[in-house]
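Please look over the sequence and the model below before reading on.

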Amino acid sequence: IHVESAYKTKATSRKGAMGLMQLMPATAREYGVRNAYDPAENINAGVKHLRSLLDEFDVPLALAAYNAGQGTVRRYGGIPPYRETRTYVRKVMSLAGLD
């Protein structure tokens, strides 16, 4: 949440991601979110989504998939060569003390 939205419940990205955990509309629908700007709904769905990614990938790749999408991580066979995604993974790993 710190990296995704800086704790702004009404945050919206240029690409349409919404709320604290910056859920994309399709992800919000997948988890039955009615209001992506509601903190409880957003966090609940975001945590479930992250858990599903951690079930598929190791931590750095799960973070990359959260940022750039599962298909992108699969297509590149690792963290994609996107500056935004690489920076995102580094920031989250550092904040979690996993760097």
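At 11% relative accessibility, Gln-22 counts as buried, a word that here stands for under 20% relative accessible area, with exposed meaning over 50% and partly exposed the range in between, for a 1.4 Å probe and protein chains only. The model is a predicted one, in which local features need pLDDT of at least 70 and side-chain atom pairs count only at pLDDT 80 or more, while totals for chains, interfaces and linings use all residues. Residues are numbered from 1 along each chain as its sequence is written, and side-chain values use heavy atoms, with hydrogens and water left out.

**Backbone angles in a loop**

- Gln-22 lies in the loop between α1 and α2, where helices are DSSP runs of H or I with at least four residues, strands are runs of E with at least two, and both are numbered from the N terminus.
- Most residues other than glycine have a negative phi.
- Phi of Gln-22, however, is positive, near 50°.
- Ala-6 also has its place in the loop between α1 and α2, and although Ala-6 is not a glycine, its phi is positive at about 55°.
- Ala-6 is partly exposed, with a relative accessible area of 44%.

- Helix α3 covers residues 39–56, which makes 18 residues, and from its first C-alpha to its last it reaches 26 Å, close to the 26 Å expected, where the expected span is 1.5 Å times one less than the number of residues.
- The buried residues of α3 are Asn-42, Ala-45, Gly-46, His-49 and Leu-53.
- They lie on the same side of α3 because they cover an arc of only 100° around the axis, the arc being that of the directions from the helix axis to the C-beta atoms.
- An α-helix has 3.6 residues a turn, so residues three or four places apart point the same way.
- What covers the buried residues of α3 includes α2 (25–30), α4 (59–68) and α5 (70–76).
- On the other side of α3, Ala-40 and Asp-55 are exposed.
- Leu-50, which also has its place in helix α3, is partly exposed with a relative accessible area of 24%.
- Leu-50 and Val-89 are 39 residues apart in sequence, and their C-alpha atoms are 13 Å apart in space.

**Salt bridges**

- The structure holds two salt bridges, a salt bridge being a side-chain nitrogen of Lys or Arg within 4 Å of a carboxyl oxygen of Asp or Glu.
- One of them joins Arg-51 to Asp-55, with the closest N and O atoms 2.9 Å apart, and both residues lie in helix α3, four residues apart, which is about one turn of the helix.
- Of this pair, Arg-51 counts as partly exposed at 46% relative accessibility, whereas Asp-55 is exposed, with a relative accessible area of 59%.
- Glu-56 forms a salt bridge with Arg-74, and here the closest N and O atoms are 2.9 Å apart.
- Because Glu-56 lies in helix α3 and Arg-74 in helix α5, the pair ties together parts that are 18 residues apart in sequence.
- Glu-56 counts as partly exposed at 38% relative accessibility, and Arg-74 is partly exposed with a relative accessible area of 49%.

- Thr-72 has its place in helix α5 and is buried, with a relative accessible area of 10%.
- Leaving aside neighbours within four places in sequence, Thr-72 is in contact with Pro-80 and Tyr-82, contact meaning heavy atoms within 4.5 Å.
- Asn-67 has its place in helix α4 and counts as partly exposed at 21% relative accessibility.
- Not counting residues up to four places away in sequence, Asn-67 touches Glu-84, Thr-85 and Tyr-88.
- Asn-67 and Glu-4 are 63 residues apart along the chain, and their C-alpha atoms are separated by 8.9 Å.

**The largest pocket**

- The largest pocket has a volume of about 740 Å³.
- Of the 25 residues that line the largest pocket, the closest to its centre are Glu-4, Tyr-66, Asn-67, Ala-68 and Glu-84.
- A pocket is an open set of points on a 1 Å grid over the protein atoms alone where a 1.4 Å probe fits, with protein on both sides within 12 Å along at least five of seven lines, and lining residues have an atom within 4 Å of a point.
- The largest share of the lining of the largest pocket, five residues, comes from α6.

Key: Grid points are joined across faces, edges and corners, and a volume is the space filled by probe spheres set on the points.
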